[in-house]
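The structure comes first, then the points by topic.

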Amino acid sequence: MRDMTPQDSNPERLGGGAGEEPQARRRGFDYLIVGAGFAGSVLAERLARGLNKRVLVVDRRPHIAGNAYDYHDESGVLIHRYGPHIFHTNAQRIVDYLSQFTEWRPYEHRVLAQVDGQEVPIPINMTTLNRLYGLNMTTEEEAADFLASRAEPVENIQTSEDVVINGIGRELYQKFFRGYTRKQWGLDPSQLDKSVTSRIPTRTNTDDRYFTDSFQQMPKYGYTKMFEKMLAHPNIKVMINTDYREIRDEVQYDHLIFCGPIDEYFDYRFGKLPYRSLKFEHKQLEQEQFQAVGTVNYPSEDVPYTRISEYKHLTGQVHPKTSITYEYPSAEGDPYYPIPRPENAELYKRYQQLADQTPGVTFVGRLGTYKYYNMDQVVGQALALYKRIEEAELATQPQ
Ligand code: FAD
Ligand code: UDP
């Protein structure tokens, strides 16, 4: 780690241009941001460009971009270190914001699930049902009737099991959801909030796209390139390989924005918030293509991984070799997924109340607010926080 007391920092890089008192320069940073993922990088960009604040961003990983980090592996294939990241959103303002830092490449994600020895579309659609049950349905009405005949109404839908059984019945639940969810979360769907499996719709048409959002495109040159542009501002200093705890007593700043796990910040005062982790096995193959679509899901508990993704489908890269990633769910490791269930929400609420009573620090992002958010939702959350900061700032300025 480089020594980075603010006195040592280059005042030119840190802004504070002509006319500013040397005293003010020495004061350090306006903001210390922990985490260079979407939450931290969007806020750094906005505070620097929008409000001319001096920002220090630290991340304990050896790179920026958080979980969205991508890079070229030894074969030269662009891969995602933390599993497949597909950008999709219905919010035009989020697209407009990110478009300042990247061009885009259209990509609609398609996923097949290996069930009963076949690879069939997931989300379940008319094609899935025809293939699994040897049917020849051609209208949405027929498919809807078929699903209605299988569905087992649940009166009070609370859990991830309830919501699927209510929609498509126990048999399809067991084929597609039970095993996958038990592997992914280390819990039975009956122990998880309904929001988890509700992410996956059921369709009566033949639409086999994983998402139906109005905007489905990938950053043309990858996520990391987009983050590099976002953070390229003279008011922003970035330190990688740097844990917050290493520098918190060294750096002067007025306000802290924390995008790491909220329970870690408070030294687990009320106990650990459970997060689910993954082990990624990246493989480089001496062949041009491995599988038909970007991701194949493996719901069966007989295999230890949940899915295999092949990046060239996502990125459109043309290359004689290909690279794939297996995802093995794990209790240990980096915190990737907050686990949506009532007792965890209760515990998070206690941390949130503590955060509200702690001046000078704001929590944001998937780990900071313990929310199972997609990338666009994190960008939206960060932009909303920036708006509040901007309004507060404007309110204190003389008319
Ligand atoms: P992160 O990206 O996790 O960034 C937080 C950063 O803080 C990390 O880099 C971490 O190193 C750093 N940090 C934490 N504590 C400290 C500390 N004490 N000191 C210094 N640094 C610290 N979303 C989609 O929209 N589409 C997808 O297809 C998609 N696929 C996903 C697949 C997987 C396997 C996973 C795990 C997530 C996926 N997501 C996807 C979700 C997406 O990764 C998140 O929404 C997004 O990355 C959250 O951004 P963030 O800034 O909140 O957190
Ligand atoms: N899910 C499942 N079977 C599948 C796909 C998803 O049971 O084939 C469930 C599982 O619980 C999973 C959740 O739906 O964790 C959300 O799936 P998604 O693909 O959105 O997960 P993510 O990409 O966030 O890991």
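Around ligand 1 there are 34 residues, and those that come nearest are Asp59, His85, Ile86, Tyr373 and Met375; a residue is near a molecule if one of its heavy atoms lies within 4 Å of it. This is a predicted model, in which local features need pLDDT of at least 70 and side-chain atom pairs count only at pLDDT 80 or more, while totals for chains, interfaces and linings use all residues. Residues are numbered from 1 along each chain as its sequence is written, chains are lettered from A and ligands numbered from 1 in the order in which they are written, and side-chain values use heavy atoms, with hydrogens and water left out.

**Ligand 1**
- The side chain of histidine 85 places an N or O atom 2.7 Å from an oxygen atom of ligand 1, a polar contact (a pair of N or O atoms within 3.5 Å).
- Nitrogen atoms of ligand 1 are also approached: a backbone N or O atom of tyrosine 244 lies at 3.0 Å, and a side-chain N or O atom of glutamate 264 at 3.4 Å.
- Of the 1,000 Å² of accessible area that ligand 1 has on its own, the protein covers 96% (Shrake-Rupley method, 1.4 Å probe).
- The shell around ligand 1 holds 17 nonpolar, nine polar and eight charged residues; Ala, Val, Leu, Ile, Met, Phe, Trp, Tyr, Cys and Pro count as nonpolar, Asp, Glu, Lys and Arg as charged, and the others, Gly among them, as polar.
- Helix H12 (365-368) gives the most to this shell, with three residues; helices are DSSP runs of H or I with at least four residues, and strands are runs of E with at least two.

**Helix H2**
- H2 (residues 38-51) also supplies at least two residues of the shell around ligand 1.
- 12 of the 14 residues of H2 are buried, so the helix is largely enclosed by the rest of the structure; buried means under 20% relative accessible area.
- Among the buried residues are Glu45 and Arg46.
- Asparagine 52 follows H2 and has a positive phi, near 55 degrees.

**Ligand 2**
- 15 residues surround ligand 2, with Thr181, Arg199, Tyr210, Tyr337 and Tyr372 the closest.
- Oxygen atoms of ligand 2 lie 2.8 Å from a side-chain N or O atom of arginine 199 and 2.9 Å from a polar side-chain atom of asparagine 297.
- The protein covers 94% of the 530 Å² of accessible area that ligand 2 has on its own.
- Helix H6 (residues 160-185) gives the most to this shell, with six residues.

**Sheet**
- Three strands form an open sheet in the order E5-E9-E6, with antiparallel pairing; strands pair if DSSP finds at least two bridges between them.

Key. Polar contact = N/O pair within 3.5 Å; in protein donor to acceptor, adjacent residues only side chain to side chain. Buried < 20%, exposed > 50% of the residue type's maximum accessible area, 1.4 Å probe, protein only.
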